[in-house]
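Look over the sequence and the model before reading on.

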Amino acid sequence: MTDNIQIFSYFFTNELRLLFGLFLIARPAGFSLKWKTLLLAGAAGCLVNILQAVLSLPSVVILAFEVLIITAIAWYCRREKLNLFLFLAIFYEIGVGLWDFLSQAGLGILLHSEKFVRLDTLESLAGIWLIRSIMLGTALLLAKQQEKLSMHLISAVIVLGLFGTVTLSEQTILPLQEDQTGTWIILSMVLLFSALFYRLIRQREMELEIAQLKQERTDILERDYQTLNRTYADNAKLYHDLHNHIETIYQCLTQGDIPEAVKYCEDLRTPIRDISHTVWTGDKTVDYLISSKIALANQQQIRTKVNIEYPHNTNIRSIDLTTILGNLLDNALEAATMAPDELRFLILTIRRINDMLIIKVQNGYGDTPTQENGKLQTSKTDKTFHGWGLKSVQTAADRYDGAVSTDYQDGIFQSVVTLSFKPVKTESSLF
């Protein structure tokens, strides 16, 4: 009877350890665990537990299998960062083993009983179930509040574990072997250095991502500057040759060739019309951006429709709005140019709903967008310096508790950005 209870206890505690490890790795890795994935992990864990019961595999072998299962499923969900997932899985298994040992030894010291640290007793299961209960409660709390486990908390847990193992090595209540406590002290030090190493890796990744986002923003500003520069250059040439144009029109009119004069005037209006400034939002930078993109769409025979109701005096910064609109409109223009004639269109809608600003861009699309793990992938061959457009949009939207969503259906691609804004009082509004 006792053996059966131990078998079932180890079975469920191993399953909880495996699933909690996947849950923790999924958070910083940025992927979600679906029921299908959880069932697959549970089935793999059951198979390992059955092999343990039949073949009496050592605990180290079981832990190695769990590390491989966690790493394989994490890689299957994300399809990248295999080395990082393997590192986190090993890091996690060592940490759980450490606290299982500390919990068992702690209960043994409190109750003055060696049974809590002996693997062949029911009392030893109490410490394991205590840790599993804490793990389960932590998972439910994080899932409910949609929070991430901070590195500060993880580091604190590791430091406490190191302090606990050192304390156990000095106690005299339980007859613990020096090799056992010495091993866990070394593993605690390894965990501490691993946590520091992981924080350095994450910091480097964040710095790289920030640098790429800045580069993306610089590219957008440079592209818009070049567009403005070319438009002004065209107008400079027009004004420089103004007397010649007037003479040409005069000759057409004196000879009675009115259609030719009208056609000539229409050609002269093109560069002026391209730089004409329509008030869309009241923000000069944003208005110019929208006007230039609409003009570019018209040059490429892309049908456009703009419907804007923009609130004045808000806390939304011009540079953030430019980043959002610039990326969305650039992506829409690029896709519409490759679309068939019936889908060569672009629709920009900006609407205010209470204290929410909704920005929606719709455009025709030739080919189905490439997606990976539910995320859009750039269609450009050089993926190192492209594919950051929507990330730039998300970064800007995050400053306003915003959300970015995309949808593709029947050859129409749609991007929607939702921003929360606060009214900003100006001197004129006070009177």
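In this predicted model, the largest nonpolar core has 41 residues. Those with the most contacts inside this core are Phe20, Ile25, Ile70, Tyr92 and Leu168. In soluble globular proteins, nonpolar side chains tend to be buried together.

**Cores**

- Leucine 168 is in contact with Phe101, Leu102, Ala105, Ile109 and Leu176, leaving aside its neighbours within four places in sequence.
- There is also a second, separate core of 30 residues, which includes Leu328, Leu346, Ile350 and Val361.

**Leucine 88**

- Leucine 88 lies in helix α4 (residues 82-111).
- Leucine 88 counts as buried because its relative accessibility is 11%, and buried means under 20%.
- Apart from neighbours within four places in sequence, leucine 88 is in contact with Ile25 and Tyr198.
- Leucine 88 and serine 194 are 106 residues apart along the chain, with 9.1 Å between their C-alpha atoms.

**Cavities**

- The structure holds 2 cavities of 30 Å³ or more.
- The second largest cavity contains about 30 Å³ of space.
- The lining of the second largest cavity consists of Asn14, Glu15, Leu18, Gly45, Val48, Asn49, Ile62 and Glu66.
- Helices α1 (2-29), α2 (35-55) and α3 (59-78) each give two or more residues to this lining.
- By type, the lining residues of the second largest cavity are 3 nonpolar, 3 polar and 2 charged.

How values were computed: Residues numbered from 1 in each chain as written. Predicted model: local features only at pLDDT ≥ 70, side-chain atom pairs only at ≥ 80, totals over all residues. Heavy atoms only, no water. 1 Å grid on protein atoms, 1.4 Å probe; cavity = no way out; pocket = protein on both sides within 12 Å on 5 of 7 lines; lining within 4 Å. Points joined across faces, edges and corners; volume = space filled by probe spheres on them. Helix = DSSP H or I, 4+ residues; strand = E, 2+ residues; numbered from the N terminus. Nonpolar A, V, L, I, M, F, W, Y, C, P; charged D, E, K, R; others polar. Buried < 20%, exposed > 50% of the residue type's maximum accessible area, 1.4 Å probe, protein only. Contact = heavy atoms within 4.5 Å. Core = buried A, V, L, I, M, F, W, Y, C linked by side-chain atoms within 4.5 Å.
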